[in-house]
Amino acid sequence: MAAKEILYRDNKFHIAYHMIDNNTDRYIVFLHGWGSNKELMTLAFGKYFCTYNHIYIDLPGFGGSTNETFLTTQDYANIIDLFLQACNIDKKNRIIVGHSFGGKIALLLDSEIILLSSAGILLPKPLKVKMKIAAAKVLKKLPLQINRLRADDAKDLSPIMYEVFKQVVQEDFAPHYKSFKHKTTIFWGKEDDATPLHAFNIICTLMPHAKTHVLEGDHYFFLKQGELVDKLYHNKIIGR
């Protein structure tokens with residue numbers, strides 16, 4: 001496993017990554033979603049997008065990458081930007097692929113992007129979630145363990161990463177979608193219940209010039225459809 005040390009705001013971040021060298025001067029950078037890692041993205045796309053060199057990154061606090069401080073999504077983007085600068089990857093020669101939370105980071109990196117069920121659109125919370133939040137606020141004042149009340153994505157997080165989680169899930173990224181100026185291609189899972197199709201429809205109104213594709217599957221629809229994502233991105237499939 002390769003790694004680089006990145007200094008950001010007087011904190012050192014050990015950023016783990018994996019590279020596939022396809023002997024080209026163009027790069028495609030993969031950013032995983034919350035709670036995931038570079039291995040999952042490699043599994044999905046390692047055999048595809050062969051006209052690019054691939055870089056798969058563990059975001060700080062996940063996989064082999066460290067984090068011991070509070071970070072916003074903008075901080076994550078700044079760290080990844082420093083990492084890519086350290087790799088001598090020019091903005092003009094790269095595409096950023098972001099899944100879920102990674103999609104939010106991609107929006108802040110000033111490059112062409114491919115979004116996979118991207119996060120950042122705030123939707124009304126289901127009643128069950130509202131009840132969990134209310135119960136957690138009450139129990140927080142008591143000497144009890146309340147991990148079972150956390151969202152699935154927040155379970156087993158360190159205290160600092162739980163604070164990061166609470167912050168990033170409340171960020172409204174609608175303005176970032178609306179103001180994004182680079183080429184954008186969006187893929188979504190038809191049965192996604194983590195970032196539902198309603199969020200996709202909102203993003204489409206905010207990014208009317210983006211190319212969009214809805215595929216079969218849930219929040220991780222791309223795991224078995226990397227080849228299809230590649231072909232649709234490169235317009236190799238007619239009539240979809």
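Lys 38 is buried, with a relative accessible area of 3% (buried means under 20% relative accessible area, exposed over 50% and partly exposed in between, with a 1.4 Å probe and protein chains only). The model is predicted, so that local features need pLDDT of at least 70 and side-chain atom pairs count only at pLDDT 80 or more, while totals for chains, interfaces and linings use all residues. Residues are numbered from 1 along each chain as its sequence is written, and side-chain values use heavy atoms, with hydrogens and water left out.

The protein chain contains eight helices and eight strands (DSSP runs numbered from the N terminus, with helices being H or I of at least four residues and strands E of at least two). Of its 240 residues, 48% are buried. The chain exposes about 12,600 Å², of which carbon and sulfur atoms supply 53% (areas come from the Shrake-Rupley method with a 1.4 Å probe, and for residues only the protein chains shown count as cover). Among contacts between residues at least 6 apart in sequence, 69% join residues at least 24 apart (contact means heavy atoms within 4.5 Å).

The structure holds 10 salt bridges (a side-chain nitrogen of Lys or Arg within 4 Å of a carboxyl oxygen of Asp or Glu). In one of them, the side chains of Lys 38 and Asp 58 meet at 2.7 Å, N to O. This pair links distant parts of the chain, with Lys 38 in helix H1 and Asp 58 in the loop between strand S4 (53-57) and helix H2 (73-86), 20 residues apart. Asp 58 is buried as well, with a relative accessible area of 0%. A second salt bridge, of 3.9 Å from N to O, joins the side chains of Glu 112 and Lys 183. Because Glu 112 lies in strand S6 and Lys 183 in the loop between helix H6 (174-179) and S7, the pair ties together parts that are 71 residues apart in sequence. Glu 112 is buried at 18% relative accessible area, whereas Lys 183 is partly exposed at 43%.

Strand S7 (residues 184-189) is mostly covered, six of its six residues being buried. In a regular strand the side chains alternate between the two faces of the sheet. Both faces of S7 are covered: Thr 184, Ile 186 and Trp 188 are buried on one side, and Thr 185, Phe 187 and Gly 189 on the other. S7 pairs with strand S6 (residues 112-116) in the parallel sense over four bridges (two strands pair if DSSP finds at least two bridges between them), and Thr 185 in S7 is the bridge partner of Ile 114. Pairing between S7 and S8 is parallel too, over five bridges. Within S8, His 213 stands opposite Phe 187 and Val 214 opposite Trp 188. Together with helix H7 (residues 197-206), S7 and S8 make a right-handed β-α-β unit (right-handed if, with the strands pointing away from the viewer, the path from the first strand over the helix to the second runs clockwise).

Helix H8 is largely enclosed by the rest of the structure, because six of its eight residues are buried. These buried residues are Gly 226, Leu 228, Val 229, Asp 230, Leu 232 and Tyr 233. Their cover includes helix H1 (38-45), strand S5 (94-99), S6, S7 and S8. Lys 231 and Glu 227 are separated by about one helical turn, because they are four residues apart in H8. Both are partly exposed, Lys 231 at 32% relative accessibility and Glu 227 with a relative accessible area of 39%. Asn 235, which follows H8, has a positive phi near 55°.

Most residues other than glycine have a negative phi. Ser 100 has a positive phi of about 55° although it is not a glycine. Ser 100 lies in the loop between S5 and H3 and is buried, with a relative accessible area of 11%. Asp 10 likewise has a positive phi, near 65°, but is exposed, with a relative accessible area of 75%. The place of Asp 10 is in the loop between strand S1 (2-8) and strand S2 (11-20).

Gly 102 belongs to helix H3 (residues 101-107) and is buried, with a relative accessible area of 0%. Beyond its neighbours within four places in sequence, Gly 102 is in contact with Leu 31, His 32 and Gly 33. The C-alpha atoms of Gly 102 and Leu 31 are 4.8 Å apart, although 71 residues separate the two in sequence.
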